[in-house]
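Here is a short report on one structure. Please read it with the sequence and the model side by side.

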Amino acid sequence: MPDQAAQATPEPGGALAGWWVFHLFYRVGDGAERGPVELALKECESQEHQVVTATLYGHKADFAVMALGPSPEVLRGLQTRLSRCGLEAVYSYVSLTELSEYAAGLPDDIVLARLRPKLPPEDLSAFCFYPMSKRREASDNWYRLPHDARAELMRAHGAVGRRFRGRVLQLVTGSTGIDDYEWGVTLFARTHEDIKACVYEMRFDEASARYAEFGPFLVGTVGPPDEILTGLGLR
Amino acid sequence: MPDQAAQATPEPGGALAGWWVFHLFYRVGDGAERGPVELALKECESQEHQVVTATLYGHKADFAVMALGPSPEVLRGLQTRLSRCGLEAVYSYVSLTELSEYAAGLPDDIVLARLRPKLPPEDLSAFCFYPMSKRREASDNWYRLPHDARAELMRAHGAVGRRFRGRVLQLVTGSTGIDDYEWGVTLFARTHEDIKACVYEMRFDEASARYAEFGPFLVGTVGPPDEILTGLGLR
Amino acid sequence: MPDQAAQATPEPGGALAGWWVFHLFYRVGDGAERGPVELALKECESQEHQVVTATLYGHKADFAVMALGPSPEVLRGLQTRLSRCGLEAVYSYVSLTELSEYAAGLPDDIVLARLRPKLPPEDLSAFCFYPMSKRREASDNWYRLPHDARAELMRAHGAVGRRFRGRVLQLVTGSTGIDDYEWGVTLFARTHEDIKACVYEMRFDEASARYAEFGPFLVGTVGPPDEILTGLGLR
Amino acid sequence: MPDQAAQATPEPGGALAGWWVFHLFYRVGDGAERGPVELALKECESQEHQVVTATLYGHKADFAVMALGPSPEVLRGLQTRLSRCGLEAVYSYVSLTELSEYAAGLPDDIVLARLRPKLPPEDLSAFCFYPMSKRREASDNWYRLPHDARAELMRAHGAVGRRFRGRVLQLVTGSTGIDDYEWGVTLFARTHEDIKACVYEMRFDEASARYAEFGPFLVGTVGPPDEILTGLGLR
Amino acid sequence: MPDQAAQATPEPGGALAGWWVFHLFYRVGDGAERGPVELALKECESQEHQVVTATLYGHKADFAVMALGPSPEVLRGLQTRLSRCGLEAVYSYVSLTELSEYAAGLPDDIVLARLRPKLPPEDLSAFCFYPMSKRREASDNWYRLPHDARAELMRAHGAVGRRFRGRVLQLVTGSTGIDDYEWGVTLFARTHEDIKACVYEMRFDEASARYAEFGPFLVGTVGPPDEILTGLGLR
């Protein structure tokens, strides 16, 4: 695909197949009990899917379940069971792991880490999720940039992220045609200070400053379900 | 109608008559029972209307009913019966099948497939619905383009869609003056990866990149009502 | 008032007095009964006010009551009684019939039809309501156009509407300072196809394409209260 | 302060101190009783604060209480008591009476009427409330205009209002840093036609056409609490 | 980092670590009791965290709890306990104390006052909270300004604030990547008039006029929990 003409309509590279990722955000009602919730989570894990749980901060939600794997039926089954446990789903995000069109030529281990991530990462318990889209405004329209310009912006954007290597792990999953925004971003970090610094620095990057639209931010701390649910007052 | 002058106010072609399409999105409450829901769906089908059902992913809704046919009374009757079964309608979209003004000269079988579609298509169980409008912003105002320019943009847009032929079936139904957006888009696909790739590629197309505004995306999998409702925990 | 200078702040013509119009949109709960609702509607009619009822399509609301006449007390009285019948008001619009500032020199029968309309019109049972405002954006600011330019745009806009004469009756009622948008638009038509075609064609008109902002669209079919309420499952 | 340079950041004049104004908008539930509501209103009045009550039109709210005076504790006390009477506060607006920075040199009686208004005005029972802010958009940024330009726009704006003298009384109260918009506007008028005509005419004024952003409009009729509450069906 | 080239992508200074700040806004239900609420607040204080309580004005919320300290677990524990006391969290904001990138070279006592503030300040009981972000619009994009330009705008902005020294204390806490806006602003003042005047004057400052986007404003008065809760009608 020739990209020399910035005026021409650009042709996107294809995004490869991946796993399903359900981010489920719950408010914990008075009637909720710990046992059935833990059972539902274990059942999902026993079907070869991963489950990450987190306590959330603030009124938006109390409890986050991030579940991922090849089968949307298994993940939807988890969602159905949790809703029968007195948990109220107040927000969610559905996306798929993907290799972005700018990721050509990555080594196999990175490809695998993106398409089949092993979560949660060790020692990175600070948790943040937000969805985002690229802008399509008159003077700042991402989708009218040629592929090379977008690739260069994403490369610079990635460079900011790499400064936080080892401190912040970012998983970007695709949701164009799947949920209301175009991507879901999940951050795991050593501390929330690292999350804050990383997102703040990235905001100055042209890919974010000119072209990003952000949805709600949901923030908390990863932990084992029994500890989290006990902490939230469930018997 | 002369379209040579881009400055002149363009005159739209007429859109032909069609069937009614009700997209109904439900949250399943504790009191809901499978029997009455299935009965309501069958009653609608027995009145010569089609019913497609799908499990949905994420918190927005659990259960989708897409019903279509000539009579809004039959479809509203279905809606009324379902609301009496413990299903809570949390979103909906009302539209009509149509031939777009850019569809002149189509062969009869395509015309019929658009105005009287037979749903769901075989072997395409991945489901996606979203409403959309065309922009009317200062520098990106679809409704100020002459007919020929719009037709050319739609032709290019259709070419992206045709690359997914056999993998993604797109049904665009009209809702200007009927519901809050101007069109409803229903996608049936082999896999959700195909939906994601198709919508992503289309976003780079000028008709989308400059002129489209999207509403919420509701995504799931088509299946028979009894399987879906059992899967959602209804007795 | 001299309107030759497009730069000068334009002076609006005065809009004449009219009747009150309450558009009330209800969701029908389990406890609602037909008898008290019908009684409330009749009581309002017995006080020399008109009442139009419609079944609505989709989840936004089930039942529309459009009531009009000289007394807001009578109309508010109807609203109060209906809310005591198990109907939940989920949306409404309050406006006044008016002669627009562009309507100078109309024949008396048209003036009367606008200020004291007789509703519903015969044989036009397809129903649509939406509120709208004129834009005040930097490059598309209706309220900075001189009166003559606005009058010309409204004349062209009316010409589109006149092509639907006999098939679509449009009632535009004023709500600047009364409700959240500046006008309420009620359409009565032979078919919803006519509503769809009419609103679609008008969208290409400069008055709409550049200057209109639309609120929600509520669509259904006019009918007698007992039929509608029985159809909605009320005993 | 020298205002000759339009490019310079303008310096606002100071707004003088005033009374608190609570606009409280209630939906009337089934359990509400007239007695306790009237008692709460009287208690507030007995503490040297004014209370204006109004029936509202449409689904947004049923009952408006506009209470004003020097003590936010007294006004918050009224709010607390009313919420204990089965009234549900669905909207509110908190502001302070003020002399605008453009009001220098006003005669004492006008200053007093603005800072310590005596409400409701006689014979002006039509009621309207809406909040508003001044725009800060790229080409229409009120806060980047020099003081003199703003003063001139406000002077022209006031001239439109003065044409309605005796028919419409406008009270503009300040809420920058106090509530979500920058001002609350309360209109008392002979008729709602006068409110509609006044707000419509003002919209063509440059101060509104280019620089105003409006919140929701709440409209009804002022009356004594017992009549209003009886009319709303309270025993 | 050389900042001489305004076109270059600017590099933000790093923001230093701080304390967690939870702003929790509650509606007080009928079942709420004073004892358990006070106990929960005391428990949090006994774990070396600060708690500020305020009565709020208007329908948005009744009761504000601003709690801060090093441990998000302690603060989330407070949130969980309060939700078990019949208080409904209707809004919240989560942020961290920080030294802004423009704060280099501040004396130690100021640094400490920002990172480990001692709240509430004496004699400043008027309370206001609002979240805000910096704009990223085509012509007003804060994140595309070089560091020096931003620093100069913030310096001028701070000068307005300093005119209110002793009358208004402003605490700006960072929430990029933590909550939906980029900063939370908490004001403590002698009077609400001072809050109103300060926020109004700042709005003319270029940093606000061109570059600020504001969220909701929550306003009330700081006081001891027992007084506040009694005033709100809790037994």
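## A strand between two partners

In this predicted model, A:Leu24 faces A:Ser92 of strand S4(A). A:Leu24 also stands opposite A:Val65, which belongs to strand S3(A). Both pairings involve strand S1(A). S1(A) and S4(A), the latter spanning residues 87-97 of chain A, run antiparallel and are joined by 9 bridges. S3(A) covers residues 63-69 of chain A. The pairing of S3(A) with S1(A) is antiparallel too, with 7 bridges.

## The nonpolar core

Nonpolar side chains in soluble globular proteins tend to be buried together. Here, the largest nonpolar core contains 56 residues. D:Phe63, D:Val65 and D:Leu82 have the most contacts inside this core. Strand S1 of chain D (residues 20-28) gives the largest share, 5 residues.

Which residues does D:Val65 touch, leaving aside neighbours within four places in sequence? The list includes D:Phe22, D:His23, D:Leu24 and D:Tyr26. D:Leu41, D:Val51, D:Val52 and D:Thr53 are also among the contacts of D:Val65. D:Leu78 and D:Leu82 complete the list.

## Rotation between chains

A rotation about an axis, with a shift along it, relates two copies of a chain. For chain B and chain C, the rotation is 72 degrees and the shift along the axis is 0.0 Å. The superposition has an RMSD of 0.0 Å. That is the relation of a five-fold axis. B:Ala138 has the C-alpha nearest the axis in chain B, at 7.3 Å.

Chain D superposes on chain C by a rotation of 72 degrees, with 0.0 Å of shift along the axis and an RMSD of 0.0 Å. In chain D, the residue closest to the rotation axis is D:Ala138, with its C-alpha at 7.3 Å.

## Chain B against chain C

The size of an interface is often given as the accessible area lost when the parts come together. Chain B and chain C bury about 3,300 Å² between them. Carbon and sulfur atoms give 53% of that area. The contact involves 40 residues of chain B and 40 residues of chain C.

One side-chain salt bridge links B:Asp180 and C:Lys60, with N to O at 2.7 Å.

## Chain D against chain C

Between chain D and chain C, about 3,200 Å² is buried, 53% of it on carbon and sulfur atoms. On the chain D side, 40 residues are in contact with 40 residues of chain C. D:Lys196, D:Tyr200 and D:Phe204 supply 24% of the area that chain D buries against chain C, more than any other three residues.

How many salt bridges lie between chain D and chain C? The count is 6. D:Lys60 forms a salt bridge with C:Asp180, and their closest N and O atoms are 2.7 Å apart.

Chain A and chain C share no contact. Their closest C-alpha atoms lie 13 Å apart. Chain B does not touch chain E, and the nearest C-alpha atoms of these two chains are 13 Å apart.

Key: Residues are numbered from 1 along each chain as its sequence is written. Chains are lettered from A and ligands numbered from 1 in the order in which they are written. This is a predicted model: local features need pLDDT of at least 70, side-chain atom pairs count only at pLDDT 80 or more; totals for chains, interfaces and linings use all residues. Side-chain values use heavy atoms; hydrogens and water are left out. Two strands pair if DSSP finds at least two bridges between them. Helices (H or I, at least four residues) and strands (E, at least two) are DSSP runs, numbered from the N terminus. A nonpolar core is a set of buried Ala, Val, Leu, Ile, Met, Phe, Trp, Tyr and Cys residues joined through side-chain atoms within 4.5 Å. Buried means under 20% relative accessible area, exposed over 50%, partly exposed in between (1.4 Å probe, protein chains only). Contact means heavy atoms within 4.5 Å. Copies are superposed by least squares on the C-alpha atoms of residues with pLDDT of at least 70 in both. Buried area is the accessible area (1.4 Å probe) that two parts lose on being put together, summed over both. A salt bridge is a side-chain nitrogen of Lys or Arg within 4 Å of a carboxyl oxygen of Asp or Glu.
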